[in-house]
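My entries follow the order in which I looked.

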Amino acid sequence: MLEFLKILGLFIVTALAEIIGCYLPWLVLTQGRQRWLLIPAAMSLALFAWLLTLHPGAAGRIYAAYGGVYVAVALLWLWQVDGIPLTRWDFLGSAVCLGGMAIIALQPGRT
């Protein structure tokens with residue numbers, strides 16, 4: 001269980017780095033925000049790429065499992081940053097994705 005929580009925590013930080021790295025350029029391009037926001041965006045995406053290397057196991061499996069956590073974190077971002085309430089379908093979809101992530105990340109004998 002401790003291993004799962006460690007993996008989950010690292011996935012959450014990784015997802016936040018990716019979302020921030022994509023959200024800031026979105027603000028620049030769609031809302032006319034200052035272009036200097038592209039600098040922290042690039043740094044955040046570089047951090048995202050580096051964080052993915054910290055996950056143990058095969059890269060393809062890591063990316064597949066990470067996708068489930070990304071969906072959940074993106075929905076939390078939608079709620080907390082964009083101020084859009086989540087629906088029961090958001091919660092259900094997120095639970096399915098997190099279940100899939102757990103199956104992939106915790107499979108016996110994985111490499």
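The notes below go from the whole fold to single residues.

**Ground rules.** This is a predicted model: local features need pLDDT of at least 70, side-chain atom pairs count only at pLDDT 80 or more, and totals for chains, interfaces and linings use all residues. Residues are numbered from 1 along each chain as its sequence is written, and side-chain values use heavy atoms, with hydrogens and water left out.

**Entry 1: the fold.** I looked up the secondary structure. I found four helices and zero strands. From the N terminus the elements run α-α-α-α. Helices here are DSSP runs of H or I with at least four residues, strands are runs of E with at least two, and both are numbered from the N terminus. I then took the extent of the C-alpha trace, which is about 50 × 35 × 20 Å along its principal axes.

**Entry 2: surface and contacts.** The accessible surface comes to about 7000 Å², and 72% of it belongs to carbon and sulfur atoms. The areas come from the Shrake-Rupley method with a 1.4 Å probe; for residues, only the protein chains shown count as cover. Buried residues make up 32% of the 111 residues. I use buried for under 20% relative accessible area, exposed for over 50% and partly exposed for in between (1.4 Å probe, protein chains only). Next I looked up contacts (heavy atoms within 4.5 Å). Among those between residues at least 6 apart in sequence, 71% join residues at least 24 apart.

**Entry 3: the aromatic pairs.** How many aromatic pairs does a search of the whole structure find? It finds five. Rings of Phe, Tyr and Trp (its six-membered ring) pair if their centres lie within 6.5 Å; planes under 30 degrees apart count as stacked, over 60 as edge-to-face and the rest as tilted.

I took F11 and Y66 as one of them. The pair is tilted, at 5.9 Å centre to centre and 50 degrees between the planes. F11 lies in helix α1 (residues 2–31) and Y66 in helix α3 (residues 59–80), so this pair ties together parts 55 residues apart in sequence. Both F11 and Y66 are buried.

Then I checked F48 against Y66. Their ring centres are 5.9 Å apart with the planes at 45 degrees, so this pair is tilted. F48 lies in helix α2 (residues 38–53) and Y66 in α3, so the pair links parts 18 residues apart in sequence. F48 is buried, as is Y66. I noted one aromatic cluster, formed by F11, F48, Y66 and Y70.

**Entry 4: helix α3.** The 22 residues should span 32 Å, and the end C-alpha atoms are 30 Å apart, which agrees. I also found a kink of about 25 degrees, centred on G67. The bend at a residue is the angle between axes fitted to the seven residues ending there and the seven starting there. Buried residues of α3 include I62, Y66, V69, V73 and W77. The buried residues of α3 pack against α1, α2 and α4. An α-helix has 3.6 residues a turn, so residues three or four places apart point the same way.

**Entry 5: two single residues.** Is I7 buried or exposed? I7 is buried, with a relative accessible area of 11%. I7 lies in α1. Its C-alpha atom is 8.0 Å from that of A105, 98 residues away along the chain.

W89 lies in helix α4 (residues 88–105). W89 counts as exposed at 59% relative accessibility.

Notes: Expected span 1.5 Å × (residues − 1).
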